[in-house]
Structures are given as C-alpha cells and as structure tokens.
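Okay, thanks for coming, everyone. Let me put the structure up, and then I'll walk you through a few spots in it.

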Amino acid sequence: MIPKKEIDKVLAGYENDSITIGTIGSHSALQILKGAKDEGFDTLAICTKDRAEFYKDWNFIDNVLVIGSYKDILKKNVQEKLIKDNVILIPHGSFVEYVTPKSIEEKLYTPLFGNRSVLHWESDRRKGREWFNLAGIKIPKEFSHPSEIDRIVIVKFPGAKGGRGYFLARNEGEFNKKIKGIKLTMKEKNNFTIQEYIIGTRFYLQFFYSPIIKKVELLGIDIRYESNIDGLVRIPSYLLAGYEIEPGYVVTGNIPVVVRESLLPRIMEIGNNIVGASKRLFPPGIIGPFCMETVCTEDMNFVSFEISARIVAGTNLYLQGSPYSQLLYDEPMSTGRRIAREIKMAVDIGKLAEVIY
Amino acid sequence: MIPKKEIDKVLAGYENDSITIGTIGSHSALQILKGAKDEGFDTLAICTKDRAEFYKDWNFIDNVLVIGSYKDILKKNVQEKLIKDNVILIPHGSFVEYVTPKSIEEKLYTPLFGNRSVLHWESDRRKGREWFNLAGIKIPKEFSHPSEIDRIVIVKFPGAKGGRGYFLARNEGEFNKKIKGIKLTMKEKNNFTIQEYIIGTRFYLQFFYSPIIKKVELLGIDIRYESNIDGLVRIPSYLLAGYEIEPGYVVTGNIPVVVRESLLPRIMEIGNNIVGASKRLFPPGIIGPFCMETVCTEDMNFVSFEISARIVAGTNLYLQGSPYSQLLYDEPMSTGRRIAREIKMAVDIGKLAEVIY
Amino acid sequence: MIPKKEIDKVLAGYENDSITIGTIGSHSALQILKGAKDEGFDTLAICTKDRAEFYKDWNFIDNVLVIGSYKDILKKNVQEKLIKDNVILIPHGSFVEYVTPKSIEEKLYTPLFGNRSVLHWESDRRKGREWFNLAGIKIPKEFSHPSEIDRIVIVKFPGAKGGRGYFLARNEGEFNKKIKGIKLTMKEKNNFTIQEYIIGTRFYLQFFYSPIIKKVELLGIDIRYESNIDGLVRIPSYLLAGYEIEPGYVVTGNIPVVVRESLLPRIMEIGNNIVGASKRLFPPGIIGPFCMETVCTEDMNFVSFEISARIVAGTNLYLQGSPYSQLLYDEPMSTGRRIAREIKMAVDIGKLAEVIY
C-alpha cells in the first residue's frame with residue numbers, strides 16, 4: 001500500500017489552479033467529465049484505441065489519452081504525464097475492475113479522489129461484514145458451504161464484474177450443477193459467496209459523503225436493469241415450460257425510482273452509520289460517493305447485500321439531478337458534478353489533501 | 001363535521017402576508033415544503049421526536065414542531081400555536097392515516113388546503129362508487145361475498161395503509177385460507193373489498209384541480225413499486241416450485257412513466273368528470289391534487305380502482321417537474337409547488353377561502 | 001412517389017420567416033409542437049373533431065385544424081391551406097399509420113420533415129433486412145413458415161399498430177391455434193413475421209441524424225410499457241395455473257432507462273451504420289429522428305428487431321431532455337425540439353430543402 005504521505009507529496013507539486021479531472025473512459029466517465037467541466041475543470045478521458053473516437057466526440061472532454069491496455073495507466077511514463085498535467089483521477093467500477101485493487105493500492109502514484117484504503121475493506125468479504133456489523137446494517141444470511149443451503153440463495157462471485165455468473169439455487173444439488181456450467185475461471189469459481197435471496201423491492205442508494213461540509217447526502221436511487229433476468233421474467237411461465245432457461249444477472253442499465261418518504265430517515269441512518277463505521281475502521285474513512293445495494297422487504301426493512309465504495313453507474317440517470325439532489329441543490333447536481341464540486345471546495349479552502357488518497 | 005364557516009372564521013384572522021405552509025413530516029412533506037419555499041412561504045414540518053433530526057436537516061424547512069404522537073396535532077395548545085403562526089396545513093396520505101379522517105373532520109380547526117368534505121366520500125366505499133358512477137368512470141367488478149368469486153380477485157382493506165394485507169385469490173377456499181393468515185385486526189379484516197383483478201398496465205394519474213383558474217391539470221404519472229410482489233415476480237417460476245410465497249403489495253416507492261398520447265384525451269376526460277361529479281356531490285367539490293389509480297387493459301380501456309383525493313407519494317418523482325407539468329409550466333413544477341402556487345394565487349386575488357376547508 | 005423536386009418547388013414558395021410546424025394530433029404531437037414553439041415557430045395541430053378540444057387547450061399550440069378523418073389531410077383544399085400557411089409537417093408513428101405510407105408517398109404534396117423515401121424501406125420487410133444487413137446490424141432469426149418454429153418465437157404484424165395482435169408461440173400447433181384467435185383482417189394475418197424471441201433487456205434507442213451538422217446524436221433511451229403483458233407477468237405463476245391468459249403487447253406507455261456506458265460505443269456504431277447504409281440505399285438517406293428497437297442479451301450483444309424511421313413515442317419521456325441529450329445540450333432538448341432546431345438551422349444557412357422531402 002502506497003502511504004498517504006507519498007500521494008500527498010505528489011499532490012503538493014500540483015498547480016491548484018490548473019487541475020485536470022481524469023478518469024478511464026467507461027462506466028460513468030461521461031457523467032464525471034461533464035460534471036468536472038460544469039465546475040470549471042479541464043477534463044481527460046483515458047482509454048484504449050477502440051474507444052478513443054467515442055470519447056473524443058464530446059465537447060466537455062478536453063483531452064483523450066490513448067493507452068494500449070487499461071493497466072498501462074500504471075506505467076511510469078503515463079503516470080509522469082498525468083502528474084505533470086495535475087491530473088486527479090476519479091475511480092469508478094470499471095476503473096477498479098480494469099486496473100485491479102491491488103495495483104491501485106501498490107502502484108498508482110497519481111492522486112485519486114477518495115480514500116484508497118476502502119478498496120481493501122470492500123474486496124475482502126470478511127472485512128466487509130465487519131464494517132456492516134459495526135454500522136448496524138442488516139445483511140442477508142450467508143452460507144459457508146453449499147450443503148447448508150436450505151432456501152432460495154443467490155451465488156455471487158467477487159469483483160466489479162456487473163453480475164456475471166451469478167445464479168440462483170435451492171439446494172446443494174442445484175448449486176453443484178449450476179456452478180459447473182458458468183463461464184468463470186476455477187479460481188473465480190472457488191471464491192463464491194452464497195447469500196440468502198431476499199425477496200422485495202430493490203433500491204440502490206446513491207450516497208455522497210463530504211469531509212469538507214461533513215455531511216452525508218442522498219443524491220439518487222435506482223433499480224438495476226439486468227440481462228437476461230428482466231427479459232426472462234416477462235415470458236409467461238406456461239410458455240417457458242420445457243425450457244429451463246438459466247437466469248442471468250448482468251447489469252445492462254438502470255431505471256429511476258423514488259422511495260416512500262417514511263423510509264428516508266432509516267436510509268439516511270444507513271448512510272451515516274456506514275460513514276461513521278468507516279472512520280473508525282480506516283480513518284479518515286470513506287470519502288465521496290458510495291452506493292448501498294438494498295432490498296426492502298414487505299415488512300419495510302432494508303437488507304443490504306453489497307456496498308460500492310465509489311460512484312456507481314446508476315448515477316448516470318441523474319445527469320440533470322435526481323428528485324433527491326434537487327432537495328439539496330438548486331442547480332442540476334449529478335454525482336459526477338458533486339465530486340468536482342467537492343474538489344473545488346477543498347481547493348478553495350486549502351484542504352485538497354483531505355479528499356485525496 | 002366542523003362547518004366551513006368556522007374554518008373561514010379562523011382563516012379570517014390570518015395575516016395573509018405571513019402564511020406558513022405546514023404538514024406532517026412523512027409521505028410527501030419534503031416535496032410540499034420545498035415547493036412552498038420556492039413559492040416564497042415560510043415552512044413547517046410537524047413530526048414525532050424520532051424524525052425531528054431528519055426534517056431539521058433541510059434548508060427549505062424553516063421550523064420543525066415536535067409532537068408526542070401525530071394525533072397530538074389535534075390538541076388545543078398545538079392548534080392554537082399553528083393558528084397563531086398563520087399555518088395552512090397540507091394533508092397527504094400519511095397525514096390522513098395518522099390523524100384519521102374522523103378526527104380531521106371533527107376536531108381539526110386549523111385551516112386545511114382543499115375540501116375536507118372529500119374525506120367522507122373517499123373513505124366510504126359505497127359513496128365512492130356513487131361518485132365514480134356519476135363521473136362515468138369504469139370500475140372493476142366487485143364481489144360482495146367470497147362465495148361469488150369466479151376469477152382472480154384482489155382483496156383490499158380500507159385506509160391509506162399503502163397496500164398492507166392485500167392478497168389475491170381465485171375462489172372462496174383461497175379467500176378463507178388467506179384472510180386468516182394476514183396481520184390485521186378483526187375489525188379491519190371484516191372491512192374487506194373483493195375486486196376483480198384487472199390485468200394490464202398500471203398508471204397512477206396525478207391530477208390537480210384549480211378552482212382559481214378553473215382547470216384540471218395532469219401533473220404526472222407513475223407506477224407503484226411494491227414489496228414483495230415486484231421482487232417475487234423476478235424469480236423464475238420453476239425456482240419457486242415448492243415455495244408458495246404469498247405476494248404482498250406494500251407500496252415502497254414509485255417509478256416514472258408516460259402514457260401513449262392517444263390515451264391522453266380520455267385521461268383528461270376522467271379527471272374532468274371526477275371534478276364535475278364532485279361539484280355536484282359535495283360542492284364546491286374536490287380542490288387541488290388527486291390521483292386516479294388505473295389499469296389500462298389490452299383494448300385500451302382505463303379501469304379505475306381507487307381515488308386518492310390529495311397529493312400522492314408518486315409525485316415525489318417530479319420534484320423538478322414531469323413530462324406533463326413541463327407542457328404547462330416553463331418552471332420546475334412539482335405537485336407540492338403547485339399547491340403553494342394555488343394558495344399564493346388565491347391570496348393575491350383575495351380568494352383564499354375558496355381553496356381552504 | 002412524388003419526386004423530390006416537386007416538393008422542393010412547393011417549398012420554394014414558402015416564406016421562410018413565417019414557417020408553421022404542424023402535425024397530426026396524436027402520438028408525440030404535444031412534444032413536437034412544444035419543441036417548435038420553444039424554437040420560435042408557429043404551431044398547428046391537425047385532428048378530428050373528438051380531439052379538437054384536447055389540443056386547443058395547450059398554450060404552445062397556436063392553431064388547431066379540424067378535419068373529418070385523418071386521410072382528409074390529403075384533400076386538395078386542406079393541402080392548399082397548409083401550403084399557403086407555410087406548414088412543414090412532422091411525421092410520427094400515428095401520422096404514418098393514419099394516412100398510410102402509400103398515400104404519403106403519392107398524394108401528400110405538403111413538405112414533410114425528413115426523407116419520405118424511408119417509408120418504402122421501412123414498410124417492406126425484405127428491404128428492411130437488406131438495410132440492416134448492409135449496416136452490419138444483428139437481427140433475430142426469422143422463420144418463413146410456421147412449420148420451421150423450433151424455439152420460442154414472437155409473431156408480429158406490419159404497420160405502426162403498436163403491437164396489437166402480437167403473440168408468442170413455441171411450435172406450429174401453437175402458431176395455428178393462436179393466429180385464429182386474434183382480431184385482425186385475413187390480409188393482415190397473412191402478413192405475419194415469425195421472429196425468434198430474444199431474451200434480454202429491452203432498449204429503445206432514440207437517435208437523431210442531422211444532415212446539417214452531419215452527426216448522429218443519441219437523444220434518449222426508453223423501455224416500452226405494454227398491455228397486458230406487463231400486468232400479466234406480475235401475477236405469481238401458481239395463481240395463473242388453470243388460466244392460460246394470452247399475453248398481449250400493445251404499447252401503452254414508456255419508462256425511462258439508461259444503458260451501461262461501456263455499451264454506448266457499440267450503440268453509436270449502430271446509429272452511425274444505419275445512417276451510413278441509408279445514404280447508400282436511398283440517398284441522401286435517413287434525416288432526423290429514428291429509433292432502433294433492441295434487446296441486449298446476457299453476453300452484451302444488441303439484437304435489433306425493428307427500426308422506426310421517425311420520432312417515437314418513447315421520446316415523450318424527455319420533454320425536459322434526457323441523460324443523453326444533456327451531454328449534448330445545455331438546454332432542455334427533446335426530440336421534438338431537436339427537429340425544430342434542425343429546421344431552424346437549415347433555414348438560417350439556406351439549406352431547408354436538405355431536411356425536407
């Protein structure tokens with residue numbers, strides 16, 4: 001793990017009045033860079049050759065840096081260029097997936113918005129549960145061995161792969177049969193998590209924690225739109241008789257939603273508790289956007305089955321602000337723009353290092 | 001029932017240039033108070049202690065009044081304070097549920113936006129049907145006794161409980177078995193309604209009737225997002241074999257939708273007819289927001305299964321305006337803001353009493 | 001087919017500083033006329049008597065022309081009036097359905113936004129496939145005879161009827177049984193298409209091609225909300241046992257959605273390729289809005305099952321702009337407004353004839 005003070009040293013060399021906001025071209029890059037431009041920053045998309053033309057096409061993207069593969073962002077000459085250009089990188093789901101948490105922790109010297117210590121807490125399931133427990137967050141029952149399965153469960157695999165390979169099972173036999181069929185490496189397969197499948201309405205809560213104004217904000221809520229499951233369940237069951245088509249849970253998009261207002265105090269409590277616990281576990285704790293993936297059961301309890309400790313793709317719905325951001329800001333405030341705003345505020349009061357690691 | 005002229009007398013004592021818009025902290029209070037603030041009013045959230053911190057946190061809420069229980073809003077000292085502060089209360093679903101229609105009718109002397117006579121017409125199912133019939137609104141077949149059930153029906157229980165306890169049944173046997181299992185009091189259970197379950201697309205039509213400009217406006221449309229049903233149907237049926245999980249219909253959120261334009265003339269007719277009939281049944285009729293809960297069948301007919309004669313939670317989607325409000329207003333116009341606008345217009349032309357009861 | 005130069009001759013007689021944007025009152029007329037008004041044009045809704053009152057009610061509609069039936073738009077005196085008033089007509093789905101492609105091609109001398117040659121390519125399925133193949137667009141397998149059905153298929157009927165009569169079948173027997181039951185004329189029934197039913201998430205991609213700025217824009221994405229299917233699948237399957245209710249696919253509304261950003265480059269490629277192929281097949285090719293109806297399969301491939309070569313009703317969601325239009329325009333930019341903007345830009349640079357046919 002690169003120590004915080006080494007990143008601070010790099011940051012100390014930055015010219016604060018010519019910062020560039022950069023990210024990898026994928027996931028929520030358009031939102032992030034549009035928001036950065038709206039807040040007055042120069043912007044940079046870093047991508048492979050096949051996507052360069054796509055990212056060059058937008059007015060709000062000042063520069064596109066083409067690299068051979070996403071891991072090339074770690075190369076000495078690339079990082080030197082980024083640092084020379086005063087680039088602050090914004091991590092997102094694909095960024096972390098492409099570059100890998102380990103490489104970010106150990107080899108990425110370029111300043112990153114947020115606290116990179118969170119990667120460790122997020123990628124290790126045991127640590128994740130410790131965090132949730134300390135925050136008093138209700139989680140689904142987990143089964144450590146397939147033989148323990150006694151209800152409908154969902155089997156998941158780690159990493160930000162957008163749901164690929166996930167499957168449902170009702171018992172050990174189904175588990176064994178299905179895990180054989182999925183297209184993952186042996187190593188990935190062995191890293192399975194067996195979670196009770198919680199039945200209810202799904203709410204993906206898009207939070208933002210600002211260490212500058214010391215406040216947790218709810219910036220939006222979405223529902224994931226997953227293939228093939230959201231198509232499969234639209235075929236009447238009698239027509240599916242004879243076709244045991246396996247459901248898939250690959251995230252392909254997002255649908256907007258609002259939650260019953262009487263549930264909002266509990267939701268804000270979840271957000272605040274997650275931040276509070278993170279400050280104790282890995283000070284200064286989580287910084288910027290994070291998303292709680294929850295299901296609201298019929299008795300109005302939220303069960304949280306995952307945290308994404310960075311901007312999530314569901315925020316792409318709210319380029320112009322969400323029904324929640326609009327309660328907080330009279331301007332259009334996407335999560336991408338909120339990140340840039342936080343950096344701007346931090347620069348203005350001379351506390352940039354507090355939102356960077 | 002408190003006579004209109006008694007409320008008018010209270011209202012006559014109000015200082016019209018320092019009106020406060022108040023409501024109970026729940027349901028659509030954030031939207032209502034944000035809209036009131038945008039229209040230049042002082043704002044007040046009334047809530048129990050556990051929610052006080054949550055409501056104090058918003059910039060657009062000037063004051064939070066903490067009461068022991070929601071019914072305490074009826075207490076003499078509380079009402080005296082509200083009246084002294086020139087508070088106009090905005091009723092919403094939870095407001096009516098918490099305080100009860102009967103108490104609002106008989107004990108709430110504080111001026112209320114809208115016509116409180118509607119409570120009577122809405123809570124009595126026979127009266128409700130009379131209203132719908134006079135308006136020429138198509139309603140689902142109702143069965144007065146479980147023995148008459150000859151198709152898929154939905155069994156509902158009165159009150160603004162957000163769908164709690166609702167269940168589906170196909171015959172008397174299923175009815176009897178299922179009604180035993182639900183968690184409601186005996187009195188609530190006996191108050192069941194058995195409705196034909198209409199299959200089609202659900203549209204919750206958010207109307208607003210302005211007695212000031214004498215016009216029905218469509219301000220938005222939503223789809224309710226209900227637990228557990230919207231999670232249950234996302235499990236492929238072969239995986240549910242052996243688990244007869246009972247569907248639940250508790251409203252937990254709302255999803256935005258627009259309707260085919262060729263259906264809009266019929267929709268406006270429904271809104272206009274409901275207002276017209278209300279003027280004949282309980283003059284001056286319905287005032288302000290109301291929602292028709294409809295299903296659009298495959299042959300493009302709207303069947304209306306309920307009316308909510310006040311602001312509904314689905315309007316929370318449209319803080320910044322909906323695709324329909326945007327046809328009417330070049331500013332962001334939520335239903336909450338529209339209420340405040342109506343009060344402002346009424347004050348400006350000296351007709352506040354016409355929108356209050 | 002009326003030759004382009006005859007329309008150009010009509011257009012040459014227009015006073016370019018007093019153009020009226022007109023369309024038939026249905027489908028997306030409100031959006032089109034609101035957008036035209038926002039861009040400074042006079043506006044005209046053409047409709048039958050029963051809808052006149054509805055269309056007269058909107059501030060942004062300057063004139064309503066009442067005609068006996070939609071085909072009356074072809075009458076000499078009606079067209080003369082439209083031409084005298086410098087009306088440019090905007091075609092939409094119901095416009096084409098009501099007036100028919102053949103009549104538009106052969107009898108409508110009033111200038112139309114877009115390239116009317118596209119009607120031919122869109123209504124003839126063989127030509128449509130030629131277009132898709134040239135553009136390298138993946139399409140579902142089609143079966144020319146019911147006896148070939150070897151998987152779940154959807155059977156469709158041509159024309160912009162919004163999904164009426166569509167049904168699913170698994171084999172020839174089901175096909176024969178179901179086609180008997182549907183309410184269509186014999187001629188319509190014989191015009192069936194049997195398509196493989198692709199399972200995945202549905203994305204209706206709303207594009208706009210501008211010959212003025214020579215660019216394909218993605219202005220929004222939606223999901224269709226269809227009756228009765230979207231209600232039917234919300235009934236748990238065990239409750240449907242014994243009721244083989246036939247699913248229906250009549251489009252009744254639309255729900256907003258965003259797509260995973262990593263899929264956007266492929267989506268833009270689809271849009272660009274469709275435009276490129278159209279330029280070769282029927283120069284100058286497609287002009288203005290078009291919609292690709294796609295399903296995203298679990299392995300992240302887009303299968304396109306239809307094109308609508310004009311504004312689609314799903315754009316009605318985005319009166320105030322979509323998450324995609326907001327990346328392109330800092331003003332609220334609906335597809336309706338974008339059309340008017342294109343006409344305005346064309347007028348300004350003296351190239352109106354390039355966007356009209």
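**A walk through the model**

Let's start with a pair of strands: β1 (residues 20-24) and β2 (residues 42-47) of chain A run parallel and are joined by five bridges. Before I go on, this is a predicted model, where local features need pLDDT of at least 70, side-chain atom pairs count only at pLDDT 80 or more, and totals for chains, interfaces and linings use all residues. On bookkeeping, residues are numbered from 1 along each chain as its sequence is written, chains are lettered from A and ligands numbered from 1 in the order in which they are written, and side-chain values use heavy atoms, with hydrogens and water left out.

Strands here are DSSP runs of E, at least two residues, and helices are runs of H or I, at least four, numbered from the N terminus. Two strands pair if DSSP finds at least two bridges between them. Within our pair, Ile21(A) sits opposite Thr43(A) of β2(A).

So what order do the strands of the open sheet take? There are four, in the order β3-β2-β1-β4 (chain A), and the pairing is parallel. At the edges are β3 (63-66) and β4 (87-89) of chain A, each with a single partner strand, so one side of each has no neighbour in the sheet.

Now salt bridges, meaning a side-chain nitrogen of Lys or Arg within 4 Å of a carboxyl oxygen of Asp or Glu. Over all chains, the structure holds 87 of them. Take Arg337(A) and Glu39(A), whose side chains meet at 2.6 Å, N to O. That one links distant parts of the chain, 298 residues apart: Arg337(A) is in helix α15 (residues 335-348) of chain A, and Glu39(A) is in the loop between α2 (29-38) and β2 of chain A. Are those two buried or exposed? Both Arg337(A) and Glu39(A) are buried, where buried means under 20% relative accessible area, exposed over 50%, and partly exposed in between (1.4 Å probe, protein chains only).

Compare a local one: Lys102(A) and Glu106(A), with the closest N and O atoms 3.6 Å apart. These two are four residues apart in helix α6 (residues 101-107) of chain A, so about one helical turn separates them. Lys102(A) is exposed at 55% relative accessibility, and Glu106(A) is partly exposed at 38%.

Over in chain B, Glu306(B) bridges to Lys156(B), closest N and O atoms 3.6 Å apart. Glu306(B) is in strand β14 (residues 302-308) and Lys156(B) in strand β6 (residues 153-156) of chain B, so the pair ties together parts 150 residues apart in sequence. Glu306(B) is partly exposed, at 23%, while Lys156(B) is buried, at 7%.

Next, the interface of chain C and chain A. The contact (heavy atoms within 4.5 Å) takes 47 residues from chain C and 45 residues from chain A. Between them the chains bury about 3900 Å², 60% of it on carbon and sulfur atoms; buried area is the accessible area (1.4 Å probe) that two parts lose on being put together, summed over both. On the chain C side, Glu261(C), Glu298(C) and Leu327(C) lose the most area to chain A, together 19% of what that side buries. Three salt bridges cross this interface, and Glu226(C) forms one with Arg234(A), at 2.9 Å between the closest N and O atoms.

One last stop: Lys183(A), in the loop between α9 (172-181) and α10 (186-190) of chain A. Lys183(A) is exposed, with 82% relative accessible area.
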